[in-house]
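Grab your viewer and work through the exercises below. Try each task yourself before you read its solution.

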Amino acid sequence: MMKFLFGLLFMIPLTFLGGFWLNQLVWFVVSFLFIFSFSFSGLFSSISYEFGGDLLSFMMLFLSFWICSLMLLASEKIYLKNSWTGFFMFVVLMLMLSLYLTFSSLNLFIFYIFFEVSLIPTLILIVGWGYQPERLQAGVYLLFYTLLASLPMMISLFFCYGKFYSLHYFYLSGMVNSLFIYLLVNMVFFIKIPMFFVHLWLPKAHVEAPVSGSMILAGSMLKLGGYGMMRLMIMFQGIGTLINVIFIGLSLVGGFYVSLICLRQSDMKSLIAYSSVSHMGLVLAGVMTMNFWGLGGSLTMMVAHGLCSSGLFCLANISYERLHSRSLYMNKGLINVMPSLSMFWFLLLASNIAAPPSMNLLGEIVLINSLVGFSELSMIFLMLVSFFGAVYSLFLYSYSQHGCLYSGCYSYFSCSVREFLLLMLHWLPLNLLVLSGDLLVLWI
Amino acid sequence: MHICLIFSGLFLFWSTVFFLFSIYFIVEGLTWFLEFNLLMINSSSIVMTLLFDWMTFLFMSFVLFISSMVIFYSREYMASDIFINRFIMLVVMFVFSMMFLIVSPNLISILLGWDGLGLVSYCLVIYYQNVKSFNAGMLTALSNRIGDVALLMAIAWMVNYGSWNYVFYLFQLKGDSYMNVISYLVVLAALTKSAQIPFSSWLPAAMAAPTPVSSLVHSSTLVTAGVYLLIRFNFCFNEWLMYFLLFISSMTMFMSGLGASFEFDLKKIIALSTLSQLGLMMMILSLGSYELAFFHLLTHALFKALLFMCAGNIIHSVGDFQDIRYMGGLVKFLPLTCVYFNISNLSLCGLPFLSGFYSKDLVAEIMSMGYLSFYIYLIFYVSIGLTVCYSFRLVYYSFVGSFNFLSLNSVYEGSVMMIKGMGGLIFLVIFMGSSLSWIIFPYPYVIILPLFMKILTLLMVILGAWIGYELSKFFISYDSLSLKNYSLSWFLSNMWNMPVISTLGINYYPIIGGSFLYKSLDQGWSEVLGSQGIYSVIVSGSKISQIFMNNSIKIFFVLMIVWLMIIFMI
Amino acid sequence: MSLPTGLVSHTQKVKSLYKQALRCLESWYDRREVYRYHAVLMRNRFDLNKDIKDMRIAKDLIAQGEEELFKKQHWLPRKFPHSPGGVAHGREVIPPDWVLDYWHPLEKAQYPEYFARREQRKREYVKLWEKKFGKSEALPH
């Protein structure tokens with residue numbers, strides 16, 4: 001674990017001195033080095049200095065590395081306009097560093113600290129490279145929604161320390177049968193994932209963020225919530241069996257409501273952001289069932305969603321760079337000018353509605369199994385979520401791709417190979433990793 | 001080489017190979033079963049299963065043959081389209097999905113084909129860029145999505161058995177309560193895919209797709225996927241479900257037969273006739289003869305594909321006109337197309353010794369032998385009569401009589417490629433019924449019926465032909481009976497109002513609800529009780545404290561005194 | 001769809017109603033000879049009222065006529081396929097011409113003659129423009 005940490009630290013000079021594409025290359029090299037050091041055992045491995053990881057951490061880290069590499073690939077515009085390229089890459093690196101420490105730490109307190117730290121580079125990304133003045137409000141939303149719930153969590157961590165005399169994950173297996181502590185610890189994860197009712201920061205942040213910010217938000221930051229809950233749910237086995245059902249209900253109903261809200265969005269990015277809320281609602285419900293299928297399915301869904309919605313944000317950005325609007329009323333009939341890009345729209349949106357052979361389907365199947373096993377009543381809202389997932393995805397596809405071209409559009413440029421590569425690198429793992437689905441369920 | 005020729009040749013080759021395989025498998029009584037293990041969760045494994053028996057091979061060979069002909073045909077039909085490559089690739093993707101659907105006897109791996117069919121058919125329906133196809137595509141995809149969701153739920157129930165290879169469980173667990181739920185969900189899925197009654201409206205709407213697509217996708221393959229799934233699944237249905245299916249399918253058959261008699265769009269008439277044939281297949285399936293349903297599925301695929309290709313040729317040569325009121329007397333201009341059209345139409349009607357006769361007549365006679373109720377008997381025979389009725393009406397409208405098209409036209413039979421593509425199917429339409437009945441059934445069915453019931457089919461056919469002829473004639477139009485019975489004819493021609501119900505009736509509430517939720521919950525209460533609420537509380541709080549800070553020094557003095565008093569009093 | 005942008009005179013309303021009535025008859029009576037017969041009857045119904053001078057009665061008649069037209073509309077009106085409402089209307093979107101300028105050089109290289117000609121035409125057009133309106137000032141970006 002340390003080697004990658006130091007590797008990342010020594011990349012700091014490279015961000016300012018090396019060029020954009022060199023950094024890009026190094027990011028891919030680091031990603032692949034990380035994949036090669038993948039431990040398939042399902043046990044905690046590579047342990048050193050309170051850091052280490054099992055398959056859960058490795059999958060999350062792989063996702064973060066991959067998304068960070070693709071972030072640079074997606075933000076060529078920053079390089080071309082030379083708007084603080086070096087600083088941008090430094091921020092990305094800091095983000096990755098904090099995510100790395102968050103996902104690979106074995107200690108709850110280190111997890112907590114870097115969980116908080118990862119907010120700051122994201123904030124800088126949004127406020128620094130966002131497009132509109134509203135980005136300040138979005139940044140405040142992002143920061144304070146999390147902070148509001150995370151400081152109580154810190155206090156409850158001290159309580160846990162007093163109870164278990166350690167904050168190592170291994171020692172957290174005792175019971176904490178307090179509703180108060182349950183809420184204090186989990187509320188930050190609910191906000192991060194985000195659960196319905198506390199999701200307001202997410203569409204705002206996504207709409208205002210530059211493409212790289214949206215990608216990392218959808219790709220890794222939301223997964224922090226799921227990751228934390230998977231790690232800590234073991235503490236709440238007693239109280240969880242009593243009150244988890246409330247949150248399962250809330251997230252399933254919320255998933256359905258958010259799908260309906262998606263139908264009324266005219267901003268592409270906002271639509272994709274709301275669709276992530278809907279999908280992460282399923283993940284939350286899956287973790288809350290606290291059964292084998294639920295946890296496995298949640299991890300699968302998180303990885304799948306990370307790749308899929310990050311790819312969709314890239315697509316929205318590609319349209320945005322050409323038409324300078326994310327409005328669905330302006331992005332019309334793109335299939336007539338960029339048919340190949342339209343194919344990628346379709347492929348990624350098909351993955352978004354859990355079409356085979358994507359990992360979303362695997363995740364959805366496993367999650368549906370766990371939730372229907374939890375209660376048959378959840379079938380109703382699972383069906384609605386799944387159905388309306390298709391509705392808004394097809395709505396997005398056909399509205400943006402089908403029909404006449406927007407008649408106020410007078411110039412355009414074709415899609416570059418870089419952009420196709422970017423989309424392919426999202427789509428390929430999404431649909432190939434399903435062949436080794438074992439990786440995603442064996443960690444429990 | 002042109003992309004059409006490549007895939008057409010390839011598919012033709014594989015079709016032949018699969019046909020030979022199927023004969024070999026019938027003769028030897030073989031079944032091959034391949035499994036690829038993808039993922040193991042505890043003890044239940046998600047596998048990619050491939051089942052090869054004569055049924056899959058025969059179905060695959062038919063699908064490949066039809067698609068080979070259709071792709072060959074599209075070379076000319078779509079020749080002027082700049083996106084023909086995309087079109088052909090989509091059709092090929094569709095064929096692949098169909099293959100995956102046919103060979104998978106596993107609820108999870110069948111999703112690969114099932115969802116693939118839905119998505120690719122969506123792309124094909126919205127291939128044209130007009131608003132009609134936009135709406136039709138949405139209706140198609142979402143109706144099919146209901147079936148996908150039903151299958152996903154069936155998967156969740158199937159996990160109780162530890163495996164999704166349903167073929168192993170159908171016989172043993174019939175009547176099991178879990179199996180009942182699974183069978184209900186599977187029937188729901190099949191109803192959506194085969195466009196049975198509550199979901200019928202997508203099939204005529206999907207005619208907005210290019211005609212080769214209608215020919216391959218919406219007549220012979222995609223819509224039969226539901227029937228095929230039920231053929232595989234029918235062993236576990238309980239009696240109630242069979243009755244339900246019987247009722248639904250008979251109503252579908254009747255409804256579409258009536259609807260087609262009032263329809264004026266050439267393609268929609270054929271689509272409605274497809275719907276009525278699907279009802280027929282479902283009906284015989286729910287009476288327990290799944291082999292007959294399969295037999296009719298195959299023959300129907302042949303003549304319906306040819307029928308659509310002929311319609312496409314007509315539409316192509318009259319310049320995108322689809323309204324049969326503009327046609328008439330076309331036999332003088334398109335003689336060969338007319339011959340093909342009539343042969344497949346008569347085959348559809350069940351004229352003796354064409355391919356439709358063998359399956360349809362058998363279905364009718366098995367139906368009569370297992371006499372169930374007068375309602376079913378009546379509906380079935382009336383629907384058979386209606387089939388003939390609308391077919392004859394169509395023929396008399398478009399091919400016979402006065403020439404109603406524009407006077408400036410270039411209607412002639414010049415599309416050689418299309419004629420050739422159609423010519424590939426015509427022999428099968430004529431011969432395949434008899435040969436299939438010799439191949440599939442090890443021994444002929446024994447039919448024992450009284451003379452009247454035996455010839456009732458023929459009577460209904462003749463009666464239907466007569467009514468169809470009358471419908472197309474002068475005096476019907478002279479006094480416009482449909483204008484006199486205005487609301488009835490609207491009701492019947494609009495498929496019992498189903499298109500209205502399944503578009504406006506369904507999407508009204510989600511959209512209104514979405515707006516309500518967005519305004520009042522998402523941008524409303526969540527903000528008020530969440531961030532904006534906290535913000536305003538903090539702002540007003542700090543405003544209050546600002547009053548104290550605001551230079552009124554007396555308040556400070558008063559406060560100091562108050563504090564001192566408190567301290568002293570304590 | 002269409003906003004009322006101008007005044008519609010009474011004559012125009014009658015004409016429009018007459019035309020729509022004929023179109024409606026056309027979709028109900030699909031044999032040409034029958035249609036002609038009914039069209040004559042329809043013409044007669046209009047002709048009977050052509051001399052009405054009282055605008056209140058005339059307006060009322062138009063309202064009645066429009067209501068009758070609405071009540072007798074066909075479920076599948078006869079439309080020409082390429083006109084609005086027809087089956088083939090707007091099937092193919094012709095991409096605007098400027099799309100060609102944004103082709104990739106490799107794509108353009110597949111049609112060298114066409115693009116050479118296109119560039120030449122562009123230069124000629126610029127020359128023509130400058131001759132007519134003078135040189136354009138420096139662009140802001």
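A word on conventions: residues are numbered from 1 along each chain as its sequence is written, while chains are lettered from A and ligands numbered from 1 in the order in which they are written. Since the model is predicted, local features need pLDDT of at least 70 and side-chain atom pairs count only at pLDDT 80 or more, but totals for chains, interfaces and linings use all residues.

**Exercise 1. Work out the overall build of chain A.**

Step 1: Chain A has 20 helices and two strands; helices here are DSSP runs of H or I with at least four residues, strands are E runs with at least two, and both are numbered from the N terminus.

Step 2: check the size. A compact globule of 444 residues would have a radius of gyration near 22 Å, and chain A agrees with its 21 Å. That radius is taken over C-alpha atoms, and the globule rule is 2.2 Å times the number of residues to the power 0.38. Along the principal axes, the C-alpha trace of chain A spans about 65 × 55 × 40 Å.

Step 3: look at burial and contacts. Of the 444 residues in chain A, 61% are buried (20 or more other C-beta atoms within 10 Å of a residue's own; 12 or fewer is exposed, in between is partly exposed, with C-beta atoms placed from the backbone). Among contacts in chain A with a separation of 6 or more, 81% join residues 24 or more positions apart. Two residues are in contact if their C-beta atoms, placed from the backbone, lie within 7 Å.

**Exercise 2. Describe the side of chain B that touches chain A.**

Step 1: count. The contact involves 42 residues of chain B and 42 residues of chain A.

Step 2: find the contributing elements. Strand 1 (32-41), helix 4 (109-125), helix 5 and helix 20 (498-529) of chain B each give two or more residues to this side. Helix 5 of chain B has the largest share, 12 residues.

Step 3: sort by type. This side of chain B has 27 nonpolar, 10 polar and five charged residues. Nonpolar covers Ala, Val, Leu, Ile, Met, Phe, Trp, Tyr, Cys and Pro; charged covers Asp, Glu, Lys and Arg; the others, Gly among them, are polar.

**Exercise 3. Do the like for the side of chain B that touches chain C.**

Step 1: count. Here 22 residues come from chain B and 19 residues from chain C.

Step 2: find the elements. Helix 5 (131-158), helix 17 (474-479) and helix 19 (486-493) of chain B give two or more residues to this side, and helix 17 of chain B gives the most, with three residues.

**Exercise 4. Track down the largest nonpolar core.**

Step 1: get its extent. The core has 374 residues, and A:Met59, B:Ala154, B:Val227 and B:Leu306 have the most contacts inside it. A nonpolar core is a set of buried Ala, Val, Leu, Ile, Met, Phe, Trp, Tyr and Cys residues joined through C-beta atoms within 7 Å.

Step 2: zoom in on A:Met59. Leaving aside neighbours within four places in sequence, A:Met59 is in contact with A:Leu299, A:Val303, A:Leu439 and A:Leu440.

**Exercise 5. How far apart are the centres of domain 2 and domain 3 of chain B?**

Step 1: Domain 2 of chain B is 242-484 and domain 3 is 530-570.

Step 2: take the centres over C-alpha atoms. They are separated by 87 Å.

Note on methods
Domains from an automatic or database assignment.
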